[in-house]
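Trainee: Please take me closely through one part of this model, and then show me how that part's chain meets its partner.

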Amino acid sequence: MTPYVLAFLVVFSAWLGLSAWMIVDRAAHDRLVADLRRGARGHRLRWGTVAKLAADAASDPELSRALVRYVMDTDERGVAATARDPREGWRAVEAVRILARAGHRECVSDLERMLRLGDEEMRAAAVTVLAEIDDERSTALLIEALRSGRCPASWAVPILERRSLPARLLQPLLDDPSLGVRAVGTRLLARSDAADATVERMLLRLCRDRDADVRAAACRALGERGSAKAVRHLESLLDDPVWFVRIRAARALGQLGSVASAAGIARLLASRTWWVRQAAKETLVDLGPAVLPQLLPMLDHADAFARNSCAEVLQNLGLIDQLLVDSDTADPATRAASRALLDKIVAAGGSRVESAVGAGAGTLAGGVEAAGRRRVASTFEAA
Amino acid sequence: MTQTLHWLVVFCLSYLAVVFVCDVALLAVSALENGRRVRQRRAESLDALFVSGEVLPVSVIVPVYNEEAVVVPVVRSLLGLDYPQHEVILVNDGSTDGTLALLEREFALERRAMFSQQAFSRGDDPVTYRSRTDPRLVVVDSPVNGGSKAHALNLALDFCRYPYVCGVDGDTIYDRRALIKAMAPVHRDPARVVGVTSRIGVSTHPENHADGADGSGPAADMSFLGAFQHLEYLRSFLNDRLAWSRLGFMLCTSGAFMLYRRDVIDEVGGFSPAFSCEDIEITFRIHEHLLRTRRKYRIVALPDKVATTEGPASAQALVRQRARWQRVTLEVIWHYRRMIGNPRYKAVGLIGAPFFLLSEALAPVFELAGTVSVALAVALGLFEWQTFLLFLGVVAFANAVLASAGIWLEDAASREYRLRDLARLALLGPIELLAYRPILAWARLKGTVGFLRRERSWGKFERNPRGPAGGGGARPAAPALGPAGPRLVG
């Protein structure tokens with residue numbers, strides 16, 4: 001037998017074996033699933049199948065529930081033992097997930113053990129199982145995982161921010177020496193079960209923290225839990241030396257609906273940082289047309305960024321559309337005033353606003369359309 | 001002469017053997033990585049996380065050029081992504097067909113002045129639109145074609161408001177959970193994970209394989225070219241890239257789905273229009289920059305299918321597309337040649353780049369030399385016919401083993417194939433060498449010649465025949481669309 005014949009036989013057998021096994025395995029899987037759907041029992045289930053169908057969040061919920069019941073009826077002790085054994089790796093996580101879905105009382109203890117595993121991905125998976133158990137013990141475990149650095153904030157905060165958090169559990173986060181942990185604790189104060197006034201008092205103190213991340217987090221939380229009392233503090237942070245604190249302060253004022261702060265927010269339209277200007281623009285639009293009196297002076301601002309941004313905000317507030325309609329009314333005074341303001345906005349916004357105004361006139365409904373085109377054309381000529 | 005020919009044949013066979021051994025080694029690593037990811041996916045409940053407004057928001061950027069055939073279902077799939085906070089920035093890069101008109105009609109676009117960041121697109125003056133029906137959609141219309149996809153991506157970057165950017169293609173339909181899957185590793189380790197890519201499916205009509213499509217159909221395109229491309233994509237993503245990711249040298253985040261942290265993109269200066277294609281280049285550039293500045297980071301490849309892209313339905317179109325891929329591979333390898341074998345660049349320099357050079361860049365040279373030398377050897381009687389046929393059989397079935405392994409890795413994780421499609425795909429493996437590989441070899445050769453001639457054209461293939469544009473879902477076959485321009489997004 002030449003080496004070529006031998007090599008051919010080896011690769012041919014490998015291909016045939018792999019392909020045949022793949023197809024047989026799949027056929028067996030399909031048959032098993034079909035049987036389980038029919039409610040047949042007595043199958044000797046492989047762990048992979050159990051995990052796939054019972055633990056997998058993406059599998060058919062009805063089948064998954066039925067299989068969880070089946071597994072717990074037939075081998076509860078085995079599943080519990082697998083969940084407890086750290087050498088089982090991912091199988092242990094899958095097992096604890098099955099226990100959690102069955103409402104097993106020991107699963108939180110198993111999850112607590114898993115949060116001490118060296119493998120960060122297994123810890124992260126354990127956190128998502130905890131996310132499905134909404135009680136104080138699981139919340140305490142999540143907060144402790146966050147504080148000890150065993151779970152990143154980006155993984156735990158989306159879970160915690162949907163719960164009401166006992167204030168005493170949050171305190172260790174606020175007292176932590178790590179700035180990152182303190183910032184997260186500050187952010188989560190918005191979900192504290194303490195009285196609003198208490199939470200606000202704490203947040204107002206944290207607004208003066210030396211760390212910018214904490215100040216930004218305090219602004220964010222105040223946007224959700226603050227009162228009129230917070231407005232003055234937030235307004236002072238619109239001048240914070242750190243740009244993302246200014247952004248957070250502006251957005252919080254927007255969340256509180258503080259129209260009176262619009263002038264301060266509008267000042268941010270002249271910021272050198274695009275992100276700050278963008279946040280200010282969005283906040284002003286969220287506050288609505290009531291900000292117009294404080295916003296219009298920005299059309300005359302010395303800074304081109306401020307003028308451009310102001311024109312964009314006015315457009316997004318619907319003022320331009322309104323002016324286009326008003327400048328076509330029969331009343332000469334209204335018409336003249338509308339045209340004058342339109343000209344001013346176009347001058348502030350430059351060619352981009354000018355072309356958008358032209359397009360806006362083009363899309364005005366029915367008989368207004370032709371008149372709109374003529375009107376805008378004359379407006380531009382005048383400009 | 002005979003002696004030279006003998007050694008040439010031995011040299012080419014040795015190359016084949018080395019590449020095969022590397023492929024098998026990578027397959028072993030990929031199988032481990034795939035197993036881990038599958039178990040992770042089963043054990044985790046991402047739905048518990050990705051319903052919160054506290055998740056890291058993502059800007060999806062999609063450049064399009066003459067995509068009226070598919071643009072509406074593509075944008076619908078992007079707006080339909082299950083993710084609590086994302087926006088879609090679409091750049092219409094000087095399309096000459098009805099792309100913009102279709103978008104205006106389907107998404108009720110209204111013209112809105114927007115003042116962008118102008119970090120990467122200074123001097124451009126695009127027209128901007130926002131959708132009245134879904135304000136998350138912003139359309140940036142560049143009246144003149146910028147000449148490269150990188151230019152359009154840079155333009156889109158300036159309108160992005162979020163700290164993560166996901167570059168996608170205008171001819172690709174996205175699965176609803178694509179962003180959740182891709183952002184999971186980012187949320188697990190936001191400090192280190194700077195980039196994520198995931199598996200892309202391929203079909204001559206991707207809208208037939210979208211989430212909303214009738215689930216009774218095949219999981220893969222079973223047309224002749226479609227099935228071979230499917231096998232090739234499986235091998236590329238599951239046999240290779242998973243291993244690259246595990247070993248720390250993920251060298252190509254696919255242009256159809258590349259998610260990056262925005263600050264990293266800013267640091268490296270955005271996408272480069274100096275190359276025929278931007279995806280491999282930006283991946284190399286990020287590796288180069290972060291390794292040179294000694295930063296800890298990861299670029300992750302995931303096994304989950306996140307999208308189905310449109311593959312060419314004709315051999316001619318396939319050759320054009322693959323020639324471009326080969327050209328950009330050579331451009332990038334040549335540009336970053338200082339990384340090859342350089343210990344400063346760790347696994348990327350010591351394993352990834354040399355392997356890329358060997359298996360991708362130099363493949364056409366060996367393919368040509370091997371074909372010519374073996375043919376000559378047979379003609380001159382150095383190689384017996386029987387031996388030659390056996391040799392072909394060895395290569396064909398060795399190739400088929402890798403193809404079957406790719407199918408198995410996917411089916412074990414998804415169980416989405418119909419049984420008969422599994423069997424059919426497995427049987428296609430052995431004939432791939434003679435039926436499909438010659439097309440790729442020819443394309444690679446053309447690409448290599450193009451590289452040597454310093455060509456820079458995009459080589460976009462014409463969209464496959466469809467019915468009238470405008471909606472989503474499957475459409476009956478219709479006459480081919482008019483010729484697409486020679487440049488830009490494919």
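Mentor: Two strands are said to pair if DSSP finds at least two bridges between them. Strands (E, at least two residues) and helices (H or I, at least four) are DSSP runs, numbered from the N terminus. The model is a predicted one, in which local features need pLDDT of at least 70 and side-chain atom pairs count only at pLDDT 80 or more, while totals for chains, interfaces and linings use all residues. Residues are numbered from 1 along each chain as its sequence is written, and chains are lettered from A and ligands numbered from 1 in the order in which they are written.

The part to examine is the sheet of chain B. Ten strands form this open sheet, with mixed pairing, and their order in chain B is β3-β4-β5-β2-β1-β6-β9-β8-β10-β7. At its edges stand β3 (109-111) and β7 (172-174) of chain B, each of which pairs on one side only. On average, neighbouring strands of the sheet are turned by 30° against each other, direction ignored; the axes behind such angles are lines fitted to C-alpha atoms, for helices over the stretch in contact, and angles run from 0 to 180 degrees between N-to-C directions.

Within the sheet, consider β2 (residues 86-93) and β5 (residues 137-142) of chain B. These two strands run parallel and are joined by six bridges. In this pairing, B:Val138 of β5(B) has B:Ile89 opposite it.

Helix α4 (residues 149-157) of chain B lies across β1 (58-64), β2, β5 and β6 (164-168) of chain B, and its direction is at about 145° to β1(B).

Turning to the partner, chain B has 48 residues in contact with 55 residues of chain A, where contact requires C-beta atoms, placed from the backbone, within 7 Å. Several helices of chain A each supply at least two residues of the side that touches chain B, including α2 (47-55), α16 (274-287) and α20 (332-362). The largest share of that side, 16 residues, comes from α1(A). By class, the side of chain A that touches chain B contains 31 nonpolar, twelve polar and twelve charged residues; Ala, Val, Leu, Ile, Met, Phe, Trp, Tyr, Cys and Pro count as nonpolar, Asp, Glu, Lys and Arg as charged, and the others, Gly among them, as polar.

Finally, chain A averages a pLDDT (the predictor's confidence in each residue, from 0 to 100) of 90, and 92% of its residues score at least 70. Over residues 364-383 of chain A, however, the pLDDT is below 50.

Key: Two residues are in contact if their C-beta atoms, placed from the backbone, lie within 7 Å.
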